[in-house]
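Colleague: I have your model open and would like to know what stands behind each label. Please set the values against the cut-offs as we go.

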Amino acid sequence: MNYATTFLRTLAVRRKLQTLSMSSAVHENVKNYYGSRLETSDDLQTNAACSMPSRPLLKSACEALKQVHPDVCKRYFGCGLVIPEKLEGCAVLDLGSGSGRDCYVLSKLVGERGQVTGLDMTDEMIVASQKYVQYHQEKFGYSKPNTVFVKGYMEKLSDAGIQNNSLDVVVSNCVICLCPDKRTVISEAYKVLKEGGELYYSDMYASKVVPDSFKEDPVLWGEGMAGALYWQDLITLMKDIGFSTPHLVAGSHIVVHNPELQRKTGDVKYASGTYRIFKLPQSSIKTKALVTYKGTVPDCAECFEFDASHSFKTSVPVEVGAEMAAILQKTRFSTDFNISILDTPDPKQSSTPQYCHLSPFLLADKLGSSVKQCSKTGH
Ligand SMILES: C[S@@+](CC[C@H](N)C(=O)[O-])C[C@H]1O[C@@H](n2cnc3c(N)ncnc32)[C@H](O)[C@@H]1O
């Protein structure tokens, strides 16, 4: 081995060690933040847990949310609502489940045949969420619980007993912004999803690349502001790992209400974004298709609002691009559409996605969604 190779290898090992030690310092800070510093969502320094979803909740999700125990809702620290459609019978994993609010909503929606796993690294959160398993099992009338909470790191899902290719849906609510190594987290989510599975998650995004100096501030880390991804970087990251293009579902502005943090964050703006992203088979469709929605997705009899820029009216044929055709044909929505593959090649197949449809900031501006009156419990 020559000197240059040895030098490069040493450098790579050193970088890896630096990342590992940074990761564990961040994990300890975040555990402390959510385990002991924050009692309720009112203690957060932004309106993240109060930013309103920029689209109405499905009726069944709304009803399920009303049935979640108030103590669980009190410690909700998310920044969106991570409840996709058509969950009956699904196996779902919630990354960074906190007190378990989303898991219990999901528990109701997947039904007794479904399974929900909440994963969190903070002992206090695991204890708080586990306390209400039996309560919700009885409330939903199930003969046995369909929800478990496991302690573990999103960066090491197999250590927490999560099998590869085992899940229909992975959700996460305002957690990936707390992780220094996002590539590992997204790759792990990719591994545990079945082919055709969906990653549906809300997170905090920054309007530009966050300066390194933010990363030294424990409160900025705890609030997700130091680790928030520049929203455009998400698109490249997902494509690199093998996921579909992210589809923006909802977006709202996040307001920092602590003046000291406002000063520290300067001209970096934050928004909450919910994206749906799919793990598609390699041999995907390359041409356009004509698709007709059958009106069969529960709660969506007249129209299926797939994302902020695609809604499918029942019985109305529409032409879609190759990737959307693959999503509708290869996922749990395949039985809800009649699909005719066309001969027309899709020129967008290999081009850069249209960023303007993917910005949570632009969507929030368009819908005027920002701080509105809401109860922080989500009720
Ligand atoms: C902002 S709170 C959100 C909790 C929950 N999703 C909600 O909506 O209320 C972040 C949670 O993610 C957990 N967390 C952060 N980083 C994690 C990691 N690397 N692995 C597992 N859990 C993590 C924290 O312990 C905390 O409970």
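Modeller: Gladly! Let me begin with a definition: a residue is near a molecule or strand if its C-beta atom, placed from the backbone, lies within 6 Å of it. This is a predicted model, in which local features need pLDDT of at least 70 and side-chain atom pairs count only at pLDDT 80 or more, while totals for chains, interfaces and linings use all residues. Residues are numbered from 1 along each chain as its sequence is written.

Colleague: How many residues surround the ligand, and which are the closest?

Modeller: The ligand is surrounded by 26 residues, and the closest are Gly-78, Gly-96, Gly-98, Thr-122 and Asn-173. Two or more residues of this shell come from each of α1 (3-37), α4 (101-110) and β2 (115-120). The largest share, four residues, is that of α1. Helices here are DSSP runs of H or I with at least four residues, strands are runs of E with at least two, and both are numbered from the N terminus.

Colleague: What makes a shell residue nonpolar, polar or charged?

Modeller: Ala, Val, Leu, Ile, Met, Phe, Trp, Tyr, Cys and Pro count as nonpolar, Asp, Glu, Lys and Arg as charged, and the others, Gly among them, as polar. By that rule the shell around the ligand divides into 13 nonpolar, eight polar and five charged residues.

Colleague: And the chain as a whole: how many helices and strands are there?

Modeller: The chain has 12 helices and 13 strands.

Colleague: Why are β12 and β13 called edge strands?

Modeller: Two strands pair if DSSP finds at least two bridges between them. Three strands form an open sheet in the order β12-β9-β13, with antiparallel pairing. Within it β12 (317-320) and β13 (337-345) each have a single partner strand, so one side of each is left without a neighbour in the sheet. Neighbouring strands of this sheet are turned by 25 degrees against each other on average, direction ignored. Axes are lines fitted to C-alpha atoms, for helices over the stretch in contact, and angles run from 0 to 180 degrees between N-to-C directions.

Colleague: How do you know that β9 and β13 are paired?

Modeller: Six bridges join β9 (residues 287-293) to β13, and the definition asks for at least two, so they count as a pair. Val-291 stands opposite Ile-339 in β13. Across β9, β12 and β13 lies helix α11 (residues 322-330), at about 45 degrees to β9.

Colleague: Is Pro-317 buried or exposed, and why?

Modeller: A residue is buried if 20 or more other C-beta atoms, placed from the backbone, lie within 10 Å of its own, exposed if 12 or fewer, and partly exposed in between. Pro-317, in strand β12, has 12 C-beta neighbours inside 10 Å and therefore counts as exposed. Contacts are pairs whose C-beta atoms, again placed from the backbone, lie within 7 Å. Leaving aside neighbours within four places in sequence, Pro-317 is in contact with Leu-290, Val-291 and Thr-292.

Colleague: What about Ile-254: buried or exposed?

Modeller: Ile-254 is found in strand β7. Its 28 C-beta neighbours inside 10 Å make it buried. Over the chain of 379 residues, 46% count as buried.

Colleague: Which residues of α2 are buried, and what puts them on one face?

Modeller: In α2 (residues 59-66), the buried residues are Ala-61, Ala-64 and Leu-65. Seen down the axis they fall within an arc of 100 degrees, so they line one face of the helix. The arc is that of the directions from the helix axis to the C-beta atoms. Lys-59 and Lys-66 are exposed on the other side of α2. The cover over its buried residues includes α4.

Colleague: Which residues are buried in α12?

Modeller: Pro-360, Leu-363 and Ala-364 are the buried residues of α12 (residues 360-367). They cover an arc of only 100 degrees, which puts them on the same side of α12. They pack against β5 (193-206), α9 (231-241), β7 (247-254) and β8 (270-278).

Colleague: What makes the phi of Asn-165 worth a remark?

Modeller: Most residues other than glycine have a negative phi. Phi of Asn-165 is positive, near 50 degrees. Asn-165 sits in the loop between β3 (147-151) and β4 (167-173) and is exposed, with 11 other C-beta atoms within 10 Å. Asp-299 also has a positive phi, near 75 degrees; with 13 other C-beta atoms within 10 Å, Asp-299 is partly exposed.

Key:
Two residues are in contact if their C-beta atoms, placed from the backbone, lie within 7 Å.
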